[in-house]
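I opened this notebook page to record what I looked up in the structure, step by step. The entries follow the order in which I went through the chain.

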Amino acid sequence: MIKTEAVTINGKSFTHNYSDSGMQIIQSGTGVYYSEAYDPAGSGRTYTESTTPIDSVNGEDEVTADNIDSIVSEVVNR
């Protein structure tokens, strides 16, 4: 099931979307697969759950405490 939660990172509001089953999620309208997604609050982006486990993803950056600032900067500047 897709889980959605409001989060604040560096004083900015985001929506965190992820699968509680460990599956990749698919952004509606684009078909892009993600292990999880942080979107600016109010962006209106929606996701569906895929049948592909996250651990089968190759080449995606995992969000960690060390790289969250860089990732947030990319999202904010889209």
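**Entry 1, the sheet.** Which order do the three strands of the open sheet have, and is their pairing parallel or antiparallel? Before answering I note that I am working from a predicted model. I found the order β4-β3-β6, and the pairing is antiparallel. The edges of this sheet are formed by β4, residues 33–34, and β6, residues 47–53, each of which pairs on one side only. I then looked at the pairing of β3, which covers residues 23–27, with β4, and I noted two bridges between them in the antiparallel sense. For a residue-level landmark I wrote down Ile 26, which stands opposite Tyr 33 in β4.

I next listed the secondary structure of the protein chain, which comes to one helix and six strands, and reading along the sequence I wrote the pattern as β-β-β-β-β-β-α. The protein chain has 78 residues, of which 26% count as buried. For its accessible surface I noted about 5000 Å², with 46% of that belonging to carbon and sulfur atoms. I also looked up the contacts between residues at least 6 apart in sequence, and of these 45% join residues at least 24 apart.

Which residues make up the largest nonpolar core? I listed six residues, namely Val 7, Ile 9, Phe 14, Tyr 38, Ile 68 and Val 72. When I asked which elements give two or more residues to this core, I found β1, residues 2–9, and α1, residues 68–76. As general background, nonpolar side chains tend to be buried together in soluble globular proteins.

How many salt bridges does the structure hold? I counted one, and in it the side chains of Arg 45 and Asp 39 meet at 2.9 Å, N to O.

Key: Residues are numbered from 1 along each chain as its sequence is written. This is a predicted model: local features need pLDDT of at least 70, side-chain atom pairs count only at pLDDT 80 or more; totals for chains, interfaces and linings use all residues. Side-chain values use heavy atoms; hydrogens and water are left out. A salt bridge is a side-chain nitrogen of Lys or Arg within 4 Å of a carboxyl oxygen of Asp or Glu. Two strands pair if DSSP finds at least two bridges between them. Helices (H or I, at least four residues) and strands (E, at least two) are DSSP runs, numbered from the N terminus. A nonpolar core is a set of buried Ala, Val, Leu, Ile, Met, Phe, Trp, Tyr and Cys residues joined through side-chain atoms within 4.5 Å. Buried means under 20% relative accessible area, exposed over 50%, partly exposed in between (1.4 Å probe, protein chains only). Contact means heavy atoms within 4.5 Å. Accessible areas come from the Shrake-Rupley method with a 1.4 Å probe; for residues, only the protein chains shown count as cover.
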